[in-house]
Amino acid sequence: MHQTSAPAQSPQLCAVTLLGNLVAKPDIRYRANPVSAVTEIILATSSKWLDKKTNQYKEWTSFHPVKVEGELVEQALLHAEKGDVILVQGYLANIKPASATAINHPPIVHASFIQKYAKGYTQSVNQIHCSGQIVSQPQLITTANNKQMAQVNITINQQVYDINKQSWQSTLIKRELHVWGKQAQGLVEKASVGDDIMVEGKLSYLATAAKMQFIEGKAIHLLKN
């Protein structure tokens, strides 16, 4: 897919909400100058859908790497255990997990709020609300099941306040966006490189070794420039 670099952008929205189960007990470390707790957790969320061919429900589990720093770690994760229900609100980041197998992990979600609940049944939540800019021409793909999907790259100008540097830091996040059905057709027909877009959807990952993270759009709003 042909891509072009995005021009300078004003700050844009990028809000991620996840509610799922902790895959393993957190490995909490402490950094110096200033002393600060930090950990990386894996959160599992599940979604179900009805397979019309078999008339049976199928389930897909996504595994989200999440970085948690500072007081959030001590407030919610000091006594967390595998299987605990964790609520995370945060934003996308370009950093990779620090584990030795990081090459096989998708980019991290950076937590800005986290809360722990006791083990037990819960409905998963996997949501992202973002605004961005289209940086590649949308392509329409017909799947083996004869469904149409639009594939396009977007950038999000993520701005976060860095407490240590006492200043706002800007990071350009690039993700692939997948849109299905009638919205896919409309996106291909109307969207152009440079247009702004608002997306409501969820975080997904390709079933490949690299586990590329992408946004699966449920509702999109195109803003022509």
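**View A. R175 is placed in strand β10, which covers residues 167–180.** Helices (H or I, at least four residues) and strands (E, at least two) are DSSP runs, numbered from the N terminus. The model is predicted, so local features need pLDDT of at least 70 and side-chain atom pairs count only at pLDDT 80 or more, while totals for chains, interfaces and linings use all residues. Residues are numbered from 1 along each chain as its sequence is written, and side-chain values use heavy atoms, with hydrogens and water left out. R175 is buried and yet has no salt bridge. Buried means under 20% relative accessible area, exposed means over 50%, and partly exposed lies in between (1.4 Å probe, protein chains only). A salt bridge is a side-chain nitrogen of Lys or Arg within 4 Å of a carboxyl oxygen of Asp or Glu. The nearest side chain of opposite charge to R175 is that of E176, 11 Å away; here Lys and Arg count as positive and Asp and Glu as negative, whereas His and the chain ends are not counted.

**View B. The side chain of R175 makes a polar contact with that of Q213.** The distance between R175 and Q213 in this contact is 2.7 Å. A polar contact is a pair of N or O atoms within 3.5 Å; within protein, one must be able to donate a hydrogen and the other to accept it, and residues adjacent in sequence count only if both atoms are side-chain atoms. A polar atom of the R175 side chain also lies 3.1 Å from the backbone oxygen of A93. Beyond the neighbours within four places in sequence, the residues in contact with R175 are L92, A93, N94, P107, V152, N153, I154, Q213 and I215. Contact means heavy atoms within 4.5 Å.

**View C. Strand β12 (residues 213–223) is joined to β10 and to β11.** With β10, strand β12 runs parallel, and 4 bridges join them. Within this pairing, H178 has E216 in β12 as its bridge partner. Strand β11 (residues 196–205) runs antiparallel to β12, with 10 bridges between them. G201 is partnered there by G217 of β12. Two strands pair if DSSP finds at least two bridges between them. In a regular strand, side chains alternate between the two faces of the sheet.

View D. V66 stands opposite V109 of β6. V88 has I114 in β6 as its bridge partner.

**View E. E69 and R31 form a salt bridge.** Their closest N and O atoms are 2.7 Å apart. E69 belongs to strand β4 and R31 to strand β2 (residues 29–31), so the pair ties together parts that are 38 residues apart in sequence. Both residues are partly exposed: E69 has a relative accessible area of 23%, and R31 has one of 34%. By the salt-bridge rule, the count comes to 6.

**View F. A salt bridge joins D84 and K119.** The closest N and O atoms of this pair are 3.3 Å apart. The pair links distant parts of the chain, 35 residues apart: D84 is in the loop between α1 (71–76) and β5, and K119 is in the loop between β6 and β7 (125–134). D84 is buried, with a relative accessible area of 5%. Salt bridges that share partners join D84, K116 and K119 into one network.

**View G. K218 and E216 form a salt bridge.** The closest N and O atoms of K218 and E216 are 3.4 Å apart. E216 counts as buried, at 16% relative accessibility.

**View H. I42 is located in strand β3 (residues 36–51).** I42 counts as partly exposed, at 26% relative accessibility. Not counting residues up to four places away in sequence, I42 touches N21, L22, V23, F63, H64 and P65.

**View I. The whole protein has 2 helices and 12 strands.** From the N terminus on, the elements run β-β-β-β-α-β-β-β-β-β-β-α-β-β. Of the 225 residues, 41% count as buried. Among contacts with a separation of 6 or more, 67% are between residues 24 or more positions apart.
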